[in-house]
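Here is a short note for a colleague who is opening this structure for the first time. Please read the points with the model on screen.

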Amino acid sequence: MTPKEYLDRYTYLKFYSPLNKELISAGISMYGSGWDFRNGKAGTGQVMQREHAAFAAALRMAHHGNVNKPCGTKFFFDQQPLGLIQPTEDFYATTFIQAFVGKGSPDEIIDTLRLAYAIGRVGTGKDVAGQPCARATAQAYATDFITLDCNGLVGNYYGGSPSASIDAYASTARRRTRIEDIQQGDVVVTHCAASPYEHIALIDSCTVSGSTANIQLVEWGWYGGEEVHYSKEAKAYSIIQGPEKAYGIGWAARSNVKPVDSFRYIFMRPNDEEPHGWS
């Protein structure tokens with residue numbers, strides 16, 4: 001799967017309602033990292049915290065009838081049926097945390113939205129725990145509560161840890177040193193001494209002409225629609241040796257965090273056998 005095809009899974013989510021098998025479409029557009037950072041501002045993540053708490057209460061009520069008792073690390077709806085969800089389908093508590101803190105995979109987000117429907121967090125009136133429904137539609141719920149961040153996108157795309165720190169990708173063993181070696185699926189790390197490891201992106205396409213690389217990027221560095229996360233037109237970058245020679249080549253850029261010059265280094269994708277230094 002290409003980086004753009006994977007991005008589309010977030011942008012154009014589709015799933016069947018667990019109530020009536022209706023095909024439902026939604027999309028993720030918000031940026032959030034952790035419980036306290038949303039759309040470029042710290043201290044604004046409480047909206048996700050509150051909804052996660054309400055979601056958990058309704059989920060527990062639907063699962064075993066006690067809002068104060070967790071469902072468990074792994075659980076099924078085999079004792080108390082929930083809509084059309086099969087009693088053999090397994091769910092994980094970490095799935096919903098990932099979706100609310102900007103680290104969810106497309107499948108984890110879909111499971112969160114499916115259960116939000118089943119327990120009444122999406123709808124009108126009240127949920128199964130007697131709380132007011134959060135939003136009337138899946139799209140409104142996804143827009144207001146489900147977020148993603150840059151290393152969440154990259155980690156899930158690679159099948160690694162979405163919580164791996166950005167510097168874990170800046171492996172000197174995987175640095176690109178020749179422009180002709182740049183490939184689809186390579187990772188781009190924005191880094192300088194004044195603003196270390198501030199952002200990460202994926203190369204979706206690259207054509208080379210001399211010392212210029214025409215690149216399309218997939219990234220999740222801000223909130224908004226597809227135009228924010230994908231460069232539909234390839235951009236021309238002058239590829240040079242970066243200031244930190246151990247990190248190889250890339251292109252000069254301006255930091256988005258501090259008023260300083262930065263650099264975008266290019267690294268090949270991790271091997272499936274690599275532990276990537278992640279826990």
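1. Start at Leu23. Leaving aside residues up to four places away in sequence, Leu23 touches Lys14, Phe15 and Tyr16; a contact here means heavy atoms within 4.5 Å. Leu23 lies in strand E2, residues 23–26. Helices (H or I, at least four residues) and strands (E, at least two) are DSSP runs, numbered from the N terminus. Leu23 is partly exposed, at 46% relative accessibility. The scale is simple: buried is under 20% relative accessible area, exposed is over 50%, and partly exposed is in between, with a 1.4 Å probe and protein chains only.

2. A word on the basis. This is a predicted model, in which local features need pLDDT of at least 70 and side-chain atom pairs count only at pLDDT 80 or more, while totals for chains, interfaces and linings use all residues. Residues are numbered from 1 along each chain as its sequence is written, and side-chain values use heavy atoms, with hydrogens and water left out.

3. Stay with strand E2. Its covered face holds Ile24 and Ala26, and its uncovered face holds Leu23 and Ser25. Strand E1 (residues 13–16) runs antiparallel to E2, joined by 4 bridges. Two strands pair if DSSP finds at least two bridges between them. Lys14 has Ser25 as its bridge partner in E2. The hairpin of E1 and E2 has 6 residues between the strands, and there Lys21 takes a positive phi near 65 degrees.

4. Next, the sheet. Strands of a sheet pair through backbone hydrogen bonds, either parallel or antiparallel. Here an open sheet of 7 strands runs in the order E12-E11-E10-E9-E15-E14-E13, with antiparallel pairing. Its edge strands are E12 (235–238) and E13 (240–241), each pairing on one side only. E12 is joined by 4 bridges to the antiparallel strand E11, residues 212–219. Within this pairing, Thr212 stands opposite Ser238 in E12.

5. Is His229 buried or exposed? His229 is buried, with a relative accessible area of 2%. It belongs to helix H7, residues 226–229. A polar atom of the His229 side chain lies 2.9 Å from the backbone oxygen of Gly224. Polar contacts are pairs of N or O atoms within 3.5 Å; within protein, one must be able to donate a hydrogen and the other to accept it, and residues adjacent in sequence count only if both atoms are side-chain atoms. Beyond four places in sequence, His229 touches Leu7, Ser29, Leu217, Val218, Glu219, Trp220, Trp222 and Gly224.

6. Asn151 is in helix H6, residues 150–158, and is buried at 10% relative accessible area. Which side chain does the side chain of Asn151 meet in a polar contact? That partner is Lys103, at 3.1 Å. The Asn151 side chain also has a polar atom 2.9 Å from the backbone oxygen of Ala164.

7. Now the cysteines. How many disulfides does the structure hold? The count is 0; a disulfide would be a pair of cysteine sulfur atoms within 2.5 Å. Take Cys150: the closest cysteine sulfur, in Cys192, is 15 Å from its own, so it is too far for a bond. Cys150 is buried, at 5% relative accessibility.

8. Then the aromatic rings. Rings of Phe, Tyr and Trp (its six-membered ring) pair if their centres lie within 6.5 Å; planes under 30 degrees apart count as stacked, over 60 as edge-to-face and the rest as tilted. The count comes to 20 aromatic pairs. One of them is Phe55 with Phe100, edge-to-face at 5.9 Å centre to centre and 65 degrees between the planes. This pair links distant parts of the chain: Phe55 in helix H2 (residues 46–64) and Phe100 in helix H3 (residues 93–100), 45 residues apart. Both Phe55 and Phe100 are buried. Trp222 and Tyr223 have ring centres 5.2 Å apart and planes at 25 degrees, so they are stacked. Trp222 is partly exposed at 43%, and Tyr223 is partly exposed at 33%.

9. Tyr6, Tyr10, Tyr157, Tyr158, Tyr169 and Trp220 form one aromatic cluster. The charged end of Lys4 sits over the ring of Tyr230, 5.0 Å from its centre; the rule asks for NZ of Lys or CZ of Arg within 6 Å of the ring centre and within 35 degrees of the ring normal.
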